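Biologist: I'd like to go through the metal site in this one. Can we start with the terms?

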Amino acid sequence: MDNFVYMILPYVTIIVFIAGLIWRIRTWWARPRAKAVLFPAAKNNLVAAGKVVGDIILFGKTFSISKALWAMAIIFHVGLLLVVLGHIRTVTEIGFLWSWFNLDEEGIKDVANAMGLTAGGIMLAGTVLLLTRRFTPNMRVISIFQDYFVLVMLLGIVLTGMSMRLWMPIHAEEVQHYARGMLTFAPAVEIHNNIFFWHFFLAQMLIMYLPFSKLVHLVSKPVAESWTMR
Ligand code: HEM
């Protein structure tokens, strides 16, 4: 199983993710675009661009529909952004940042742990809130299996990620060595940490599923907004 998850699955994941995304974008591209101007129409392209960027970064449309959903979405996506930034360290060390703050090895470990737990904690809060929302009476009737599935997958990934920080530490150099080997087509089974195994496995499952799921809004939202907003 280790051989499969560490040496084969990463390549399958990358191929399925890229091919899935290309397929998805091609199907959007082939669809007829709405000619109608949606109300309220922006006065000119600059105003339209401002609206698009504002909506993508600050979720303006969600804010006008539901303040509670907006707050949950902001918490979740801020957590996700911080976690993604933190994952740069799974591939390369950010030495310049540590030397700015004059940190020694112990200091780096403490700061990385504090930042990782903060980022993970924010993302965990957002995921739990979004999942709880699905169980409210109004949402329950319109929720389908996939709605719960992506949130439960995310919960599993966040909890295993945070568990490594709390209970089964893994050395950043160990992960970087493996990741670089894998990215240069010389993968090896060199990590023996059960929690990392499940974190990595679940993350790959979710990444493969992303182009075919509602999570594709990470890509589709900017495209759809800029096509339809006038
Ligand atoms: C869907 C994609 C992923 C999500 C949402 C995710 C999420 C998280 C979260 C929330 C944490 C805990 C907070 C933190 O330490 O930053 C974490 C930790 C971690 N993740 Fe991921 N992760 C993903 C993919 C991956 C992948 C592909 C790898 C392997 C290259 C990975 C390796 C790690 C490691 C090693 C830690 C623990 C860091 C440490 O203790 O030093 N993650 N992840």
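Modeller: Six donors count as octahedral if opposite donors are over 155 degrees apart and all others between 65 and 115. Keep in mind that this is a predicted model.

Biologist: What arrangement do the six donor atoms around the iron atom of the ligand make?

Modeller: The arrangement is octahedral, because the six donor atoms subtend angles of 87 to 178° at the iron atom.

Biologist: Which residues coordinate the iron?

Modeller: His87 and His199 do, each through NE2, at 2.0 Å. Histidine 87 lies in the loop between helix H4 (67–86) and helix H5 (95–100), and histidine 199 lies in helix H10. The two are 112 residues apart, so the pair links distant parts of the chain.

Biologist: Is histidine 199 buried or exposed?

Modeller: Histidine 199 is buried, because its relative accessible area is 12% and the cut-off for buried is under 20%.

Biologist: And histidine 87, what does that count as?

Modeller: Histidine 87 counts as partly exposed, at 38% relative accessibility.

Biologist: OK, new topic. How many residues surround the ligand?

Modeller: There are 18, and the closest include Gly116, Ile157 and Arg165. By type, the shell holds 11 nonpolar residues, six polar and one charged.

Biologist: What does the side chain of arginine 165 do there?

Modeller: An N or O atom in the side chain of arginine 165 is 2.6 Å from an oxygen atom of the ligand.

Biologist: Which elements give two or more residues to that shell?

Modeller: Helix H6 (105–134), helix H8 (145–166) and helix H10 (194–209). H8 gives the largest share, six residues.

Note on methods. Residues are numbered from 1 along each chain as its sequence is written. This is a predicted model: local features need pLDDT of at least 70, side-chain atom pairs count only at pLDDT 80 or more; totals for chains, interfaces and linings use all residues. Side-chain values use heavy atoms; hydrogens and water are left out. A residue is near a molecule or strand if one of its heavy atoms lies within 4 Å of it. A polar contact is a pair of N or O atoms within 3.5 Å; within protein, one must be able to donate a hydrogen and the other to accept it, and residues adjacent in sequence count only if both atoms are side-chain atoms. Helices (H or I, at least four residues) and strands (E, at least two) are DSSP runs, numbered from the N terminus. Ala, Val, Leu, Ile, Met, Phe, Trp, Tyr, Cys and Pro count as nonpolar, Asp, Glu, Lys and Arg as charged, and the others, Gly among them, as polar. Donors are N, O and S atoms within 2.8 Å of the metal (3.2 Å for Na, K and Ca); water is not among the atoms, so sites may look incomplete. Four donors count as tetrahedral if all angles lie between 85 and 135 degrees; four count as square planar and six as octahedral if opposite donors are over 155 degrees apart and all others between 65 and 115; anything else is irregular. Buried means under 20% relative accessible area, exposed over 50%, partly exposed in between (1.4 Å probe, protein chains only).
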